[in-house]
Amino acid sequence: MATVIIPTPLRKFTNNTARLQVKPGTVQDTVRELTINFPDLKKHLLDEQGKIRSYVNIFIGNDDIRDLQQEHTAVQEGAVVSIVPAIAGGSGADPRSAAANAGGAAPVNGEDVVFTKEELARYNRHIIIPGFGMEAQQKLKKARVLVVGSGGLGSPVLLYLAAAGIGTIGIVDFDVVDDSNLQRQVLFGVDAVGQPKVEAAKKRLQALNPHIELKLYNTHLNSHNALDILKDYDVIADGTDNFPTRYLVNDASVLLGKPNVYASIFQFEGQVSVFNYRPAGGTLGPNYRDLYPTPPPPGLVPSCAEGGVLGVLPGIIGSLQALEVIKVITGVGETLSGRFYIFDALNFESRTFTIKPREDNPLNGKNPTITALIDYEQFCGMRAVEEKPLKEVTAKELYDWQVTGEPFQLIDVREPHEYAIVNIGGELIPLATVADHAGEIDRDRKVVVHCKVGGRSAKAIRELEEKFGYTNLYNLKGGILAYIDQIQPELTKY
Amino acid sequence: MIIIDSRIRQLLVEDALNTFPDECCGFMFGREEHDGTRQVVDILVVDNAKAGDKTRRFEISPQDYMTAEAHALEHDWTLLGIYHSHPKHPAIPSEHDRKAAQPYFSYVIISVMDAETIELRSWLLNEEQQFEEETITNYQYQ
């Protein structure tokens with residue numbers, strides 16, 4: 001026989017017996033035997049579908065059956081099965097977090113929201129839409145949305161969400177406005193160049209809508225601060241441009257049970273989806289890790305800074321992202337949860353794929369292995385621990401070498417059209433052709449390799465070191481942009 | 001009625017103050033008389049296992065729960081219930097408390113408005129899954 005330990009609160013349904021003997025079998029058999037012998041236990045252990053209730057944990061010895069074969073886990077002769085009620089609660093003064101704890105729920109209840117006369121006039125075109133109305137507008141005002149990244153995607157997302165009357169908008173960005181941003185980041189103007197993006201954004205958004213509150217996070221989102229920043233929001237809008245932050249935002253959203261409205265852009269293509277969202281009465285939708293369990297190898301997919309992006313594309317895709325944020329908050333319409341939308345601007349083609357939760361999702365699949373935030377730079381191979389570090393030279397050191405006549409060769413691994421815009425006298429050998437031109441790269445003096453910001457030159461150095469055994473290669477830290485900033489600001493930046 | 005003497009009360013308040021502004025949580029052990037009167041004789045402080053914001057929520061890990069049941073068995077006590085704090089909120093169960101509550105358990109809530117303004121109240125679920133207040137006394141049970 002096996003032993004079942006009944007928790008104290010349920011003992012009144014088992015004639016005050018703490019330990020019951022059951023036949024060996026599976027957990028399912030054990031639960032069936034218990035509920036036949038003690039019918040009052042049934043509603044406490046099983047839901048309407050006869051499944052074990054989510055707030056009932058069952059342990060065999062010290063192991064949660066969720067980490068084993070769920071209800072099919074074997075209960076062997078002599079096993080000790082513990083029924084463990086989930087114990088939780090809290091002051092819960094804020095009803096939004098209560099709903100969010102259920103995992104990605106449509107989290108906003110706006111019943112108690114009131115509007116001023118000015119606000120009613122401002123939002124009139126929303127309020128008169130049949131099926132949207134006052135109720136949806138109240139939810140928007142009650143809602144708290146965190147927009148991660150205030151660049152290409154963040155610009156339209158922030159402008160439209162602020163205009164729509166989202167009550168509280170958080171903005172995370174560490175960057176300052178650069179003139180090269182203005183080709184697509186329509187939130188900013190020439191007067192904002194050089195200002196922190198979050199502050200420039202606040203100025204613009206407040207001028208647009210004085211009825212909303214803006215919270216600024218002028219910082220890099222990282223594993224240490226992400227949970228703390230995200231926890232106060234109902235919905236997260238991910239408009240980041242790199243894989244480590246994208247996985248970080250996804251994982252933090254899943255761990256905190258918040259819906260994550262995702263978008264990304266590259267060159268002529270945009271993608272949109274809604275992750276980790278549970279519509280009212282529905283099941284929890286997939287997240288980014290159901291789509292891409294692991295990131296692509298570093299360097300395979302260049303960032304917009306390296307690969308470029310058509311300026312109007314983030315305007316289109318960011319507007320779709322703002323639309324999905326509004327649908328998640330209000331519960332109006334069908335969101336993109338469980339679907340993945342791709343827009344190809346070049347051929348004007350749209351495709352929508354169905355995506356499903358994967359059993360092997362490391363965050364919330366059958367056997368979750370990630371229960372806290374990890375080092376995402378390392379996870380995405382940006383800082384692989386096993387690789388020995390590259391030798392680097394800063395722009396200032398390179399300048400010193402130039403001034404003091406230190407012998408070195410300068411290689412530029414960018415593309416010819418970039419070289420045509422600006423160069424610092426390096427020999428042009430584009431990354432893809434580096435191996436073919438190894439014969440032109442010196443071995444008997446220092447060789448400094450550079451690109452735009454340092455990513456491609458690092459790849460070139462690794463390839464040359466691996467294939468040809470070079471030991472005299474130095475990566476220019478921050479690429480030609482750092483050199484222009486620090487040494488020759490009169491040159492053209494792009 | 002639940003009897004919480006001044007020593008136990010002191011232990012509960014200490015945990016609530018030490019954990020402030022986060023919510024504290026733990027178990028209460030003791031005896032239950034035939035008339036339903038409960039007396040707390042000891043408590044077990046456990047970690048608030050809630051991921052993320054602990055200032056409005058608490059969660060107790062299943063491992064800690066099993067430890068508490070074993071602790072009760074070992075000392076021949078009854079696991080009488082759960083205590084937790086409401087930093088800067090009154091000692092009234094929230095809707096979240098009610099949804100997650102277990103039958104039978106006494107839920108003692110320690111409201112900490114500031115270091116001087118502390119209130120303890122206890123709550124029990126009735127058959128309709130609604131909380132009813134349970135009187136706390138500090139009478140020394142013989």
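## Terms and model

Two strands count as paired when DSSP finds at least two bridges between them. Helices (H or I, at least four residues) and strands (E, at least two) are DSSP runs numbered from the N terminus.

The model you have here is predicted: local features need pLDDT of at least 70 and side-chain atom pairs count only at pLDDT 80 or more, while totals for chains, interfaces and linings use all residues. Residues are numbered from 1 along each chain as its sequence is written, and chains are lettered from A in the order in which they are written.

## A strand pair across the chains

Let's start where the chains meet. β8(A) pairs with strand β4 (residues 58-60) of chain B in the antiparallel sense, over three bridges. Within β4(B), Phe58(B) is the bridge partner of Gly89(A).

## The wider interface

In total, 27 residues of chain A are in contact (C-beta atoms, placed from the backbone, within 7 Å) with 28 residues of chain B. On the chain A side, β4, β7, β8 (87-89), α3 (95-100) and α10 (243-256) each supply at least two residues.

## The sheet of chain A

Five strands of chain A make an open sheet of mixed pairing, in the order β2-β1-β7-β4-β5. Its edge strands, β2 (19-22) and β5 (63-64), each pair on one side only.

β4 (residues 56-60) of chain A joins β5(A) in the antiparallel sense over two bridges, and Ile60(A) stands opposite Asp63(A) in β5(A). Chain B reaches this sheet too: its helix α2 (residues 62-75) packs on the sheet, touching β1, β4, β5 and β7 of chain A.

Key:
Two residues are in contact if their C-beta atoms, placed from the backbone, lie within 7 Å. Axes are lines fitted to C-alpha atoms, for helices over the stretch in contact, and angles run from 0 to 180 degrees between N-to-C directions.
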